[in-house]
Amino acid sequence: MDDRSQDSAHPLQSLVPDERVLRDELVTRWAGFYDLLLADSAATVTAVQLDGDATAPVMSGTAAELMAAGEAAGAGTSPWAVIAPIRPEIQVVDVDRCADRVLQPLLDAADTVGASLAHLTESGTPNSVHLGVTLPSRAARREFTRRVSEIRAWAGETQTTVDLRSRLDGLRLPGSAPLKPGGGVCWPTDTDGRRMTAIAAYRRLADALNQPHVDAGEPLPSPAPMVWDDVDETDAGELAVVAPRAYRAPTRMTREQFKTLTVSPRRGRRSHAALAGAWVLWRLGVRSWRAAARYYAIYPCFEKWRERDAHARARGRNLEPGWVSWCQRHWQDIARRARAYRPETASLHEPRISEALAEVNQWDDPDLVAAAVAVIRHRFSDGYGLTRPVGVRDLASWLGFSEETARRRLQGLAERGLLAVVKPHNRETAPHEATVWTLSTPAAVYRSSVSHDVTSPQGMALTLHPCWVALGQTARLVYTQLSPTPVPAAALSAQTGLPTGTRHHGLLRLLHTLCDQGLATRSGQGRATRWLIGPAGLDDAPAAGAGRAARERVQSRVILDRDVWHARGRDVVSRALHRRAGARAMQRRRPRRASTAQGGSQLALVHPVNGPAAHGRSPQRRTARLARSRGLPTREPPTLAGG
């Protein structure tokens, strides 16, 4: 049959059963479409017409008869509207004056849960549509309903403007006249907004109904409780130090992934189903347990671990100190395995990484050496290529200093030739993408007589130890030169390139600081003074706890900033801003933890002062100034900036 129903209402050119043509009755191009769309195409309904600002009934009959009479009276365009209940298999979302913002997210949500597009029409009002889908399962319907609510909240709309219609509600049918002043004719369209013919709309509806589906009006059980990842429910006042998700463009869930999450496995296969479901979450960008908990609470594939948690709670195990739920342990194991995974192509990048580290190993600036090691280890050594995005906040969270300090370090690495910009950050065109860098081998001109021992995995791990967040990377350089063999300060000065100094500056100041931490030992007096490595390990030093706490504060601040920066929708942005303000207020008023209190004393050890007379400042002001210069968190975190 030729599809010419767009511009003609003649029976032979419309989607009309042959017997109606033979009887030479009034027919409409929508007759066959109505037969498939409506719950009962033979039911009697009433046509209504706009009368001023109100509507008035016109006549009664079947939907096809009323539309045929209207098209005959209006020369092909009906002057009245026909409203009738549609099939219960079709779930309809009525979008009023906000289709430009919510239609595409609704289509994405339907595709994510495996729904089929059955019906899409311009409802007549500007920027308004009727969206109808068929859902493959009850779980899919429950998930789609939840996602519609999320989209409504994200867009700041109400139940009226994004309305999930019940099957008892009548729907204005295609071809109907508007029921609001200034409206247009209700007409089917494709997802790009182009009008469709009656035959094309019929075929789309028939294809959707041929797919497996459930009754959209069938009652559902109450969903399991959900743990939302966009609310601030930090019961113990602890800040998140693990990003809830990968900060990248959202990934759409495929039908296969949704099927993996919603399958109800038989006994003996439940562990495999939970493992497959957890990997689906990881590939979709879920990272922290706080974000994964909501999925573990509702999807059938994780039933095994939910049952174990229920048994543990029934026995009171959850009241034991340090108890961790089975669901959380399962997710943490998946996260550890995912972060430790390296693709087979990782070995292809090792020669260039080794060349770059060999040059970095001989730089004279320990702070730039630490920044280079952090960038290489956390970004370029994962086997996913040597051209990768590196954000200012990435480096700040890895090394525990401020964003401004991280920006200077990245600039320093670029100036020395270790990093080269491939795609700069653009706040206008790509506000959510960091600058893309490629790893290069620095020029030999920056070599010095200093050796940092960063070419081995053990040396890289030592360079990034949290102890140096509090003590500084220059102290790390001195520590790596110590050995069980006593050596004089002059020899250490030659190895590190630092002036010998006194107890208050230079090499001797750092040696005394290391001694206070148990990381160095002094033997002898006067000219016979010798220095050797101390008995304590890095993890045992008091500064390790202080550095770890400082790094966690920076990481939590970065996460809060990124939550604001990547939030979409007014409500989501408002909640993210509220969480960040609450976290800042909590940090200001809550007592410091024990490790943080130690950090304050260690700060005085790392940066001793000579007194107000020597520097013209009080000890408190000098300590605060040096804290800022070392990148340690101050009272007020820096404001949000791009990059």
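The model is predicted, so local features need pLDDT of at least 70 and side-chain atom pairs count only at pLDDT 80 or more, while totals for chains, interfaces and linings use all residues. Residues are numbered from 1 along each chain as its sequence is written, and side-chain values use heavy atoms, with hydrogens and water left out. Helices (H or I, at least four residues) and strands (E, at least two) are DSSP runs, numbered from the N terminus.

- Strand 4 runs antiparallel to strand 6, joined by six bridges; two strands pair if DSSP finds at least two bridges between them.
- Within that pairing, Q91 sits opposite V133 of strand 6.
- Strand 4 also runs antiparallel to strand 7 (residues 162–164), through three bridges, and V93 has L164 as its bridge partner there.

**The nonpolar cores**

- The largest nonpolar core has 47 residues, and F144 and F302 have the most contacts inside it; such a core is a set of buried Ala, Val, Leu, Ile, Met, Phe, Trp, Tyr and Cys residues joined through side-chain atoms within 4.5 Å.
- Elements that each supply at least two residues of this core include strand 4 (90–95), strand 6 (129–134), helix 5 (138–155) and helix 11 (326–340).
- Helix 4 gives the most to this core, with seven residues.
- Leaving aside residues up to four places away in sequence, F144 touches Q91, V93, L106, A109, A110, V113, V133, L135 and L164; contact means heavy atoms within 4.5 Å.
- Another core, of 34 residues, lies apart from the largest one, and V369, L395, A396 and V454 are among its members.

**Helix 7 against helix 8**

- The axes of helix 7 and helix 8 come within 8 Å and cross at roughly 135°; axes are lines fitted to C-alpha atoms, for helices over the stretch in contact, and angles run from 0 to 180 degrees between N-to-C directions.
- That makes helix 7 oblique to helix 8, because angles under 35 degrees count as roughly parallel, over 145 as roughly antiparallel, 65 to 115 as roughly perpendicular and the rest as oblique.
- Where they meet, Q257, T260 and L261 of helix 7 face A276, G277, V280 and L281 of helix 8.

- An open sheet has three strands in the order 10-12-11, with antiparallel pairing.
- Strand 10 (387–389) and strand 11 (419–423) stand at the edges, each with a single partner strand, so one side of each is left without a neighbour in the sheet.
- The twist averages 40° from one strand to the next.
- Four bridges join strand 11 to strand 12 (residues 436–439), and A420 stands opposite T438 of strand 12.

**A buried threonine in a loop**

- T189 lies in the loop between strand 9 (187–188) and helix 6 (198–210).
- T189 counts as buried because its relative accessibility is 4%.
- Not counting residues up to four places away in sequence, T189 touches L120, T121, E122, R194, R195, M196 and R204.
- The C-alpha atoms of T189 and V129 are separated by 9.3 Å, although these residues are 60 apart along the chain.

Notes. Buried < 20%, exposed > 50% of the residue type's maximum accessible area, 1.4 Å probe, protein only.
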